Amino acid sequence: MSTANPRGTNPASSALTPPPSAIPPVRHPDAPAPGELLGAHYEDCFGCGGGQPHGLHLQARAGEGVSITAEFTVKPAHQGAPGLAHGGVLTSALDETLGSLNWLLRTIAVTGRLETDFVRPVPVDTTLFLQAEVAAVAGRKIYSTAVGRIGGPDGPVAVRAQALFIEVKVDHFIDNGRPEEIRAAMADPDQIRRVRAFEVNP
Ligand SMILES: CCCCCCCCCC(=O)SCCNC(=O)CCNC(=O)[C@H](O)C(C)(C)COP(=O)(O)OP(=O)(O)OC[C@H]1O[C@@H](n2cnc3c(N)ncnc32)[C@H](O)[C@@H]1OP(=O)(O)O
């Protein structure tokens, strides 16, 4: 379990600190091999789907252990201030990358808490190089961290995040999602796409 504070001098809220009972994450034996592209888990996902013209189109790759790398290029549709990425969009990119980690655990989970440090402004056309890893697991709680760099995978840090994901049953989506989309996703003849829309272990 990682005990380093990934935020430098800015401590995360106590809800994001794994308890002493937390254990290291276990990579699922069927997780994609390191280097493998994950692909979109759902065509209409704002973070990774190809069906959202102004979405992030983030591309995530499995890393070693329970880690992910991802890339997202800021487009004009993602601006907040003139020529700069909107902070909420950057947080979405972090959320999507962190959420992808759960596919390596094969655990269905949703973001409960996500804290972001915005360290440097990110101009339009910049590619954000993201790295995320699960630090620890405690029951239904998954503690993870992410960092986004600009200028290259080893460039200066632009954003950092710490997150708590909470494991849920697939009923979370079926009970809460809009019926049209739920019906369409469940009717997909492609079994892998069908399960990944809900991030379910096939
Ligand atoms: C390849 C796949 C790629 C996928 C990428 C997707 C990336 C995007 C991911 C998302 O953005 S998911 C969408 C955003 N998140 C949500 O919509 C979640 C909305 N919230 C909920 O549905 C519920 O609040 C939640 C399921 C998170 C928790 O409700 P539950 O009733 O299941 O649990 P409960 O409230 O009993 O909490 C369980 C534990 O977690 C703790 N907890 C829950 N929410 C928390 C929170 N926000 N902060 C801190 N702790 C929290 C809570 O205190 C408790 O701790 P203890 O067990 O120690 O008592």
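Here is a short walk through the structure, one selection at a time.

**Before you start.** This is a predicted model, where local features need pLDDT of at least 70, side-chain atom pairs count only at pLDDT 80 or more, and totals for chains, interfaces and linings use all residues. Residues are numbered from 1 along each chain as its sequence is written.

**Stop 1: the whole protein.** Show everything as a cartoon and you'll find four helices and six strands. (Helices are DSSP runs of H or I with at least four residues, strands are runs of E with at least two, and both are numbered from the N terminus.) Starting at the N terminus, the order is β-β-α-β-β-β-β-α-α-α. The C-alpha trace spans about 45 × 45 × 30 Å along its principal axes.

Of the 202 residues, 33% count as buried. A residue is buried with 20 or more other C-beta atoms within 10 Å of its own, exposed with 12 or fewer, and partly exposed in between, with C-beta atoms placed from the backbone.

**Stop 2: the ligand.** Select the ligand and its surroundings: 19 residues form the shell, and the closest are Ala 15, His 41, Gly 99, Trp 103 and Gly 112. (A residue belongs here if its C-beta atom, placed from the backbone, lies within 6 Å of the molecule.) Two or more residues each come from α1 (87-105), β3 (109-118) and β6 (157-167). Which element gives the most to the shell? Colour α1, which gives five residues. By type, the shell has seven nonpolar, six polar and six charged residues. Here Ala, Val, Leu, Ile, Met, Phe, Trp, Tyr, Cys and Pro are nonpolar, Asp, Glu, Lys and Arg are charged, and the others, Gly among them, are polar.

**Stop 3: the core.** Next, pick Ala 93, Leu 94, Leu 101 and Leu 130, the residues with the most contacts inside the largest nonpolar core, which has 43 residues. (Such a core is a set of buried Ala, Val, Leu, Ile, Met, Phe, Trp, Tyr and Cys residues joined through C-beta atoms within 7 Å.) Here too α1 gives the most, with nine residues. Zoom in on Leu 94: among the residues it touches are Leu 114, Leu 130, Val 159 and Ala 161, not counting residues up to four places away in sequence. (Contact is C-beta atoms, placed from the backbone, within 7 Å.)

**Stop 4: the annotated stretch.** Select residues 83-142, where an unreviewed UniProt entry places "domain: Thioesterase". This stretch is 32% helix and 40% strand, with its end C-alpha atoms 35 Å apart.

Stop 5: Glu 71 sits in strand β2 and touches Gln 59, Thr 127 and Phe 129, leaving out residues up to four places away in sequence. It is partly exposed, because 18 other C-beta atoms lie within 10 Å.

Most residues other than glycine have a negative phi. Now click His 57, in the segment before β1: its phi is near 50°, a positive value. Then jump to Asp 125 in the loop between β3 and β4, with phi near 80°, also positive. Is Asp 125 buried or exposed? It counts as exposed, because 10 other C-beta atoms lie within 10 Å.

Technical notes
UniProt positions renumbered as here; feature names shortened; annotations may be inferred. Contact = placed C-beta atoms within 7 Å.
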